Amino acid sequence: MAALETLLPIEVPPSSAGAPLPHVFADEGKLLIAYLANRPEPSFDGTNPRSVSPATDNQPIAILTADPYLALQFGPPNDEAINGHRLYGLGLKPYSAFEVFNSSWIASLQRANRVHPSHTPELFSGCRHFILTFQDSTLEFIAKSFSTSVREGAVLSALMESVGHSVPAHRVKPTGFFTRLLRRG
């Protein structure tokens, strides 16, 4: 019988509760996650919140890097529907980060890979399941480890620089869906 899944909180730079704007870059080997980190403003009284976009500069940006990583899920549930997540009963909560021990997701990937002629269970040895919950989304990934850093800038330019493309923040413009969304405001 398989061991039951358990959750343990992990330390990552806390996300902004208002609009963390998580952005993901992923290829088959490297995963980068950039989001607005929480920076308490003692003078802010809750009135007149300011609006930020992925191109707003001078923000604290957290960058998580997993290189390599195995798998990624990004999307629902948001903070208002987190109680619908299968791990909610184990302590999953919004605006937090966790590691899942005895992950059924890792076990299912390992089972699916058994059909490969070169499969060995060691391929999944050391893999860890991480969850980050934001205001409007939940991000889960499997990797052996990850690193974090915090820098000042804009989410999009920080992510692009982390990928290896240096772009001044004033030249980063949301495109497509984001442009249409920003025009509605």
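Q: How many salt bridges does a search of the whole structure find?
A: Four, in this predicted model.

Q: What does Arg86 pair with?
A: Glu5, with the closest N and O atoms 2.6 Å apart.

Q: Which parts does that pair tie together?
A: Arg86 is in the loop between β5 (69-75) and β6 (97-101), and Glu5 is in the segment before β1 (6-9), so the contact joins parts 81 residues apart in sequence.

Q: Is Glu5 buried or exposed?
A: Buried, because its relative accessibility is 16% and the cut-off for buried is under 20%. Arg86 is partly exposed at 46%.

Q: Next topic, Arg39. Which residue does its side chain meet in a salt bridge?
A: Glu152, at 3.2 Å from N to O.

Q: Where do Arg39 and Glu152 sit in the chain?
A: Arg39 is in the loop between β3 (31-36) and β4 (59-66), while Glu152 belongs to strand β9 (residues 147-153). The two are 113 residues apart.

Q: What are the accessibilities there?
A: Arg39 has a relative accessible area of 34% and is partly exposed. Glu152 is also partly exposed, at 49%.

Q: And Arg128, what is the N to O distance in its salt bridge with Glu99?
A: 2.8 Å.

Q: Which strands hold Arg128 and Glu99?
A: Arg128 is in β7 (residues 128-133) and Glu99 in β6, 29 residues apart.

Q: Why does Glu99 count as buried?
A: Because its relative accessibility is 7%, and buried means under 20%. Arg128, at 31%, counts as partly exposed.

How values were computed:
Residues are numbered from 1 along each chain as its sequence is written. This is a predicted model: local features need pLDDT of at least 70, side-chain atom pairs count only at pLDDT 80 or more; totals for chains, interfaces and linings use all residues. Side-chain values use heavy atoms; hydrogens and water are left out. Helices (H or I, at least four residues) and strands (E, at least two) are DSSP runs, numbered from the N terminus. Buried means under 20% relative accessible area, exposed over 50%, partly exposed in between (1.4 Å probe, protein chains only).
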